[in-house]
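Hello,

Here is the structure for you to look over. My notes on pockets and helix packing follow it.

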Amino acid sequence: MLKRGNRMLKQQNNARHMRMPLITIFLVLICVLVLILYREAGERSDSSSGLLIRNWNSFSSSVKLDPTVEFRNGTDLIWQIPASPKAILFLAHGCNGKAANFWDRSPKCPDCAGLPEERLIVLNALARRFAVLAVTSAGRCWSFEEERLIVKDIIERWIVKQKLQSLPLVALGASSGGYFVSALATDLRFSSITIMIAEGLFGQMDIPKNYPPTLFVHMPKDERRRRRIQRYLTLLKVKGIDVAEVKCMEFALSPNLLADRIPGLDLTTSEKLYSLFQEKGFIDMKGFMRNDGRALQWKAAVKEREIILPDKSIANRIQEEMNLAFAYHEMTSLQSEQIFNWFETHMS
């Protein structure tokens with residue numbers, strides 16, 4: 001009888017011991033899930049904090065867009081030099097872009113478009129005393145053979161003409177412009193470069209030992225591009241090149257955000273658009289985009305609701321901010337502080 005009792009007690013203890021690991025595993029899984037959800041929520045909220053730093057009109061009166069426009073080698077060349085410049089920034093736009101997107105329309109530049117993110121990049125550059133130079137690609141996107149030599153010649157001649165040979169040269173390219181800059185960096189001596197929403201052409205070219213420090217500014221929601229960037233980060237590190245990445249996460253729209261980011265769009269219209277986007281399901285109850293702005297019929301909805309935009313070109317600016325909020329593939333100025341810190345810490 002005693003032996004039977006001991007055997008039953010031993011079985012009960014074994015059962016308890018088996019349950020303990022299962023309970024522990026369950027608790028660990030719950031903790032991991034909570035951490036993942038917390039991290040994702042943090043990435044969403046952290047990514048929008050930059051919006052509080054730079055609204056479209058938040059720069060001092062001494063920092064103004066005042067470009068000079070030239071036509072050279074069959075393309076537009078637009079530039080601006082602040083007082084006492086300390087560096088030169090070359091900007092390469094993405095597909096369907098142009099140099100004129102980086103400056104507001106003015107008597108000096110009647111064809112300028114002043115897209116929200118592009119113009120803010122230039123303002124941030126000028127505030128840091130970077131001379132800014134932008135060139136328009138020959139085609140819809142950049143080509144990577146003869147055009148590289150043409151742009152190299154344009155940049156070098158412009159630097160000599162402006163007597164800026166003593167200043168460090170850096171570059172930022174987005175999308176097609178990012179690929180272009182990654183290749184141009186084998187032809188020109190940049191102190192450092194930033195490749196935005198692109199992985200570069202590192203799998204197709206020989207990378208010299210003196211290749212410049214490279215910062216990848218990308219949107220991890222684009223999973224395929226994220227994986228390639230991770231591969232190239234490792235490749236460049238192995239070659240002894242200083243590299244880093246900045247991840248751009250989605251953020252929520254708010255009733256005032258479009259007015260804060262877009263010159264010429266008033267608060268009342270911004271609030272109407274936000275309300276319409278929520279009603280149509282373009283954004284969720286917290287203001288996050290449900291899809292890329294390019295995939296939404298928001299312009300038809302605005303027309304149907306008879307919301308009058310002050311200018312037809314405003315639609316392109318609204319489109320850019322919606323794309324940026326979704327954070328899949330768009331030019332961004334929100335990470336300007338990290339970008340210009342990168343440039344400044346690698347000047348030589």
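Axes here are lines fitted to C-alpha atoms, for helices over the stretch in contact, and angles run from 0 to 180 degrees between N-to-C directions. This is a predicted model: local features need pLDDT of at least 70, side-chain atom pairs count only at pLDDT 80 or more, and totals for chains, interfaces and linings use all residues. Numbering starts from 1 along each chain as its sequence is written, and side-chain values use heavy atoms, with hydrogens and water left out.

Helix packing

Helices are DSSP runs (H or I, at least four residues), numbered from the N terminus. Helix α3 (residues 146-161) packs on helix α4 (residues 176-184) at about 75°, and their axes are 11 Å apart. The two are therefore roughly perpendicular (65 to 115 degrees). In contact terms (heavy atoms within 4.5 Å), α3 brings Glu-147, Arg-148, Val-151, Lys-152 and Ile-155, and α4 brings Phe-180, Ala-183 and Leu-184. By class, that contact has five nonpolar, no polar and three charged residues. Nonpolar means Ala, Val, Leu, Ile, Met, Phe, Trp, Tyr, Cys and Pro; charged means Asp, Glu, Lys and Arg; the others, Gly among them, are polar.

Helix α2 (residues 116-127) packs on α9 at about 80°, with axes 8 Å apart. That makes α2 roughly perpendicular to α9. Here Pro-116, Glu-117 and Glu-118 of α2 meet Arg-317, Glu-320, Glu-321 and Leu-324 of α9. The contact has two nonpolar, no polar and five charged residues.

Pocket

A pocket is an open set of points on a 1 Å grid over the protein atoms alone, with protein on both sides within 12 Å along at least five of seven lines; lining residues have an atom within 4 Å of a point. A volume is the space filled by probe spheres set on the points, which are joined across faces, edges and corners. The largest pocket holds about 540 Å³. It has 20 lining residues, and closest to its centre are Cys-95, Asn-96, Arg-294, Glu-320 and Glu-330. Helix α9 (residues 314-326) gives the largest share of the lining, four residues. The lining has five nonpolar, ten polar and five charged residues.

Where does the largest pocket lie? Domain 1 (68-249 + 329-345) and domain 2 (256-326) both give residues to its lining, so the pocket lies between them. The domain bounds come from an automatic or database assignment.

Cavity

A cavity is a set of points where a 1.4 Å probe fits but cannot get out. There is one of 30 Å³ or more. Its lining is Ile-197, His-218, Met-219, Asp-222, Arg-225, Arg-226, Tyr-328 and His-329: three nonpolar, two polar and three charged residues.

Best wishes

Conventions: Parallel < 35°, antiparallel > 145°, perpendicular 65-115°, else oblique.
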